[in-house]
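Good morning, and thank you for coming.

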Amino acid sequence: MPDQLARVFAFPIFPGRTPAGGSVPATQELADALENAYQAAKVDRGLSVAFVFDANTRARQNEARAAIMAVAFGRDQDAEAAAITLATRLANAMDLRSKPALLVITAHGLAHTREVVLWIFPKEEAFRYSTDSHGERIELLDDIFSRSSYLRKAAAFSGRNLRTSFLGGRVVDFQANATDRYVADFWVERFLEARLQMSGDEGTVLFAKAIKKTFDSLDGDVVAQEQLAAAVTLVRRQPRRLSLRSFAEQFLDKPVADLLLKNAPNPEAVDALFDFEPARFEQVLRFQVFHLDNGAIVTAPLETVAQAVTITEDGGNRILQTRGKIVRETMKARRG
Amino acid sequence: MGKLANLVREYEARKGLLDQLAVALEIGLRECVGELSRIDRIAVRVKDPSSFARKASRYKVPLEEIEDQVAGRILVHFVSDIDRVSNRLCARFSVVEGFRHEPERDAEFGYESHHHVFLIPDHLKPDGWEAFDPMPTTFEVQIRTLFMHAYAEPQHDFAYKGGELPREIQRQLAWIAASAWGADRAYEQVRAHFSAEESAGS
């Protein structure tokens, strides 16, 4: 939960236009409204992101980070200049598909540790109904910014005035897993010049391990195993941005979903979004192994299951069938 | 109790969490580069409290600012392997900075190593991490060849008290560093010869 509200800046942002705006009074009413918005959006449990830095220098330069730290720790005029920098970055990061929005930048705390929260509240239209001695009226309001819109976004960064602080933060962006990467990347990558803390490589390995563990622990529950395998096939064919939770909720029945989430290394990893990398997935989890009642063991690459290798139902038994020309043979010792 | 002693006690109280983080990071490093060829070893260690104490006076908030409280080391066979490893690490972890430790003057030989500082990912922080403040936000990874390591590592065994080393010792160390540097270059040429031959044969 953010500390005492120390500074507030607000800028109506129209894509591509130079933003106007600046410091606004940090009233108690505004502080309470923003606090409620923070709690409702669960900003402190948002996606973990990291600022992007040049991998070959010691400079730790990142314009968004520098501006955010100036808002937190700078003198008043430096903080205001930094807020304008952020507003300009946002206007430039938007394109004509983006809705006009109100950018609100708040700085919290006066001690060594401070927090900066950036908000986007999209512009919306609304009706106001009123009644007075002249009768009932409906007015169209077209200059309001919504605190509860699904398109609102937030980012929070906290720390000390040190080179080791403000390197990463939390982001709330309900579009972050949008299939349209341009929409998904606008807030995190283009505006904040940041990246998801869980890389595609790491997320895919974590995902593959959790899938394997879950699949193995479902030994005997053929229906659940098939459901899991089918869901994995779908994701491999249409790579996307996902988290263990989004995968589980979208594709699996609750008992299988719960099992999968239990196999994550920690709660934080359950919700961490990453860009699924099929090639990496196949490096970790490439084969499905079938042990047959006749003693044969069939090892099939995942992409051949349900195609070159088919499983059919026959009198309550699952029967594996495959047919092909042998192109190579190897011998293998039993492991362990 | 003195300020430094208090600080070391605070560090020791956090050490269990740092140990858990080190295990998670070592798994991550192995997943990331473990399957690459020509990796000699991968290790992650937590800074010893006495080493933390020696460094602490240089920082305002040492419990956050000392960036090698948890540090990894990857040893590779050839100089050209360093970039390969470095690129993999930077794709996986959020890089904060990268730099090459090498002697400043062209005609000088000494310690060489490639260092990266990465953000500690939130999803690798063990339970209980948030209960302490300040905590480190970054970890360091050194990447070096076996010869760079062969020059640097034995020096930890010398009871070096600081100050100027005798001229003869300085020259001996420079000779070892130059030999390691030369061996790395020579091995790189041998590697290039064999990989050219392999491409010609394929």
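Chain B has six helices and five strands, where helices (H or I, at least four residues) and strands (E, at least two) are DSSP runs numbered from the N terminus. Read from the N terminus, the order of elements in chain B is α-β-α-α-β-α-β-β-β-α-α. Along the principal axes, the C-alpha atoms of chain B occupy a box of roughly 65 × 45 × 25 Å.

A word on conventions. The model is predicted, with local features requiring pLDDT of at least 70 and side-chain atom pairs pLDDT 80 or more, while totals for chains, interfaces and linings use all residues. Residues are numbered from 1 along each chain as its sequence is written, chains are lettered from A and ligands numbered from 1 in the order in which they are written, and side-chain values use heavy atoms, without hydrogens and water.

Let me turn to a helix pair. Two packed helices are described by the angle between their axes and the distance between the axes. In chain B, helix α1 (residues 3-33) packs against helix α4 (residues 79-92) at about 120°, and their axes are 9 Å apart. The axes are lines fitted to C-alpha atoms over the stretch in contact, with angles running from 0 to 180 degrees between N-to-C directions. α1(B) is therefore oblique to α4(B); angles under 35 degrees count as roughly parallel, over 145 as roughly antiparallel, 65 to 115 as roughly perpendicular and the rest as oblique. On the α1(B) side, B:Gly28, B:Leu29, B:Glu31, B:Cys32 and B:Val33 meet B:Val85, B:Arg88, B:Leu89 and B:Arg92 of α4(B), contact meaning heavy atoms within 4.5 Å. This contact of α1(B) with α4(B) comprises five nonpolar, one polar and three charged residues. Here Ala, Val, Leu, Ile, Met, Phe, Trp, Tyr, Cys and Pro count as nonpolar, Asp, Glu, Lys and Arg as charged, and the others, Gly among them, as polar.

Finally, the backbone. Most residues other than glycine have a negative phi, and most peptide bonds are trans. Which two residues does a cis peptide bond join? They are B:Asp133 and B:Pro134, with omega about 0°. B:Pro134 sits in the loop between β4 (113-119) and β5 (138-145) of chain B. In chain A, A:Arg60 has a positive phi, near 55°, and lies in the loop between β3 (47-51) and α2 (63-73).
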